[in-house]
Amino acid sequence: MEDSDYIIVGAGSAGCVLAERLSASGRHTVTLIEAGGSDRRFYVQMPLGYGKLFYDPAVNWMYRSEPDPGLAGNRDHWPRGKILGGSSAINAMVWIRGHRADYDDWGAAAPGWGWDDCLPAYRQIEDTEAGGDDFRGQGGPLFISANRQGLHPLVGDYIAACGQAGLREVADFNGAVQEGAGVYQMTIKRARRNSTARAFLRPAMRRPNLRVVTHAQVTRVIFEAGRAVGVELRRGAQVETARARGEVILSGGAVNSPQLLQLSGIGPGALLQGMGLPVLVDNPNVGRHLSDHQGINYTWSMRVPTYNDALRPWWGKALAGMQYLLGGRGPLAKSINHAGGFFRTDPSLDRPNMQLYMQAFSTLIPRNGERPILSPDPWSGLSLGLSNCRPTSRGEIRLASPDPLAHPVIVANAFATKHDVDEMLEAVKFLRKIAAQPAMARLIREELRPGPAVTSDADLIADIRARSGTVYHPSCTCRMGADPATSVLDARLRVRGVAGLRVIDAASFPNIIAGNTNAPAILMGWKGAGLVLEDAR
């Protein structure tokens, strides 16, 4: 392969942004390498199609965590995007930046990443349908739907019930106030998923100085005299090398980036030696500090129709398909998470610590090989879910084998601290409080999960452990920070101990953000590209 100025490993949420920004001036040649293939697939483009992608190895790394004592010994399914757009091509499309105080925590750990540093970048990224103001941007490359049309009627009842439970309505979770209940904004444009591949990469692919290589898995970073000078990759049976005159940038995400660092000799020295790998930099933080949000749903049968009634029968599927194909309307044109919110389990907290999800459907009956969003239960069902915003439990990613094609070991370590269990217990009680309010109670037939017999704290905690799982927000496994003893990267996202190598993706977060992590991963790519270009001057 021809040499280039920059090599980016991973065409995901951050990688597509990096490719666009680093190639924009025309002065630099960029090679973007992706293990997966094209995002031009029907179920990728159709917003509600992500249920079909949940267990599809053609677009999904299909990771599984180790048996987890905190989840009653269960192994969790970890879908991660293996496709142009990465996880932004298979996720639920909710656009949440996170609480401004979380970014001030970032800034305290890594100068240049506080809220006042990140807000201008978000405003440059966004083209917000809801309108621009001091907090929101318009005219940027990423269109964000306000999601105000075609909502399920139960959304209004849910927001009213939240108000009766003491949680006020919020018009924009990405504006001045995060705490409250309301409608989620979505990365959907003209009834199609607006992934980073669509918003950033596709326009940039017209440039002659950007080369995109698909179906190619990078197996290690190549170093000369302590500097990253390229990568080794496999395409089919072929082993190739690609060289970079400037920098190599890892954007594989919170699982793949630490795995690739370890394969390249950067990580816990004893682990690498035990695998027979040479140790270039002994840094025990590589793969550690894994943070993830854990979630659970409570489910009710309803006296009024939900999306179960619309999507379960064959004729309902046919009608929804016609609505979508002929007019870009109906349930297939949206994510299932129409609404949600943020709340505090303890009023003394300085910011919300729990996130809500309202779904006018239920999927208690599993289907092999599918997340049955398009084939819900045969009754009118409603799900209210929640996830913890700022868990204190920490896991790790580590090599299972020196074979670069083997999946790494994922130790989620969910609910390993009393703090995380206690706040989740209070949170599920609040779900029942919402359901008990007049606006919702009149519409509910009965609670199905966990069921009215589950009332004691001990039983509620047992249910939390048995039914909770990841909400697909792993981060912090190559965290940046000012302290070399606890971080992998410096504040400019450079890997400590070597030259010419950065990690720019959700693995780089100093700590996890309160909310969906796709927006901050895109921010990481945007600001990270700026740092790369500054250092090239």
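Author: An axis is here a line fitted to C-alpha atoms, taken for a helix over the stretch in contact, and the angle between two axes runs from 0 to 180 degrees between N-to-C directions. The model under discussion is a predicted one. Two packed helices are described by the angle between their axes and the distance between those axes. In the present case, helix α1 (residues 13–23) and helix α15 (residues 518–536) have axes that come within 8 Å and cross at roughly 35°. The crossing of α1 and α15 is right-handed. On the α1 side, the contact is formed by S13, A14, V17, L18, R21 and L22. Helix α15 contributes N518, A521, I522, G525, W526, G528, A529, G530, V532 and L533.

Most residues other than glycine have a negative phi, and most peptide bonds are trans. A191, although not a glycine, has a positive phi of about 65°. This residue is located in the loop between β8 (188–189) and β9 (192–193), and A191 is buried, its relative accessible area being 15%. N413, likewise not a glycine, has a positive phi of about 60°. The loop that holds N413 runs between β21 (409–411) and α12 (418–436). N413 counts as partly exposed, because its relative accessibility is 30% and that class lies between 20% and 50%. Finally, the peptide bond from R449 to P450 is cis, with omega near 0°, and P450 is placed in the loop between β22 (444–449) and α14 (457–467).

Key
Residues are numbered from 1 along each chain as its sequence is written. This is a predicted model: local features need pLDDT of at least 70, side-chain atom pairs count only at pLDDT 80 or more; totals for chains, interfaces and linings use all residues. Side-chain values use heavy atoms; hydrogens and water are left out. Helices (H or I, at least four residues) and strands (E, at least two) are DSSP runs, numbered from the N terminus. A crossing is left-handed if the near helix is turned anticlockwise from the far one by less than a right angle, and right-handed if clockwise. Contact means heavy atoms within 4.5 Å. Buried means under 20% relative accessible area, exposed over 50%, partly exposed in between (1.4 Å probe, protein chains only).
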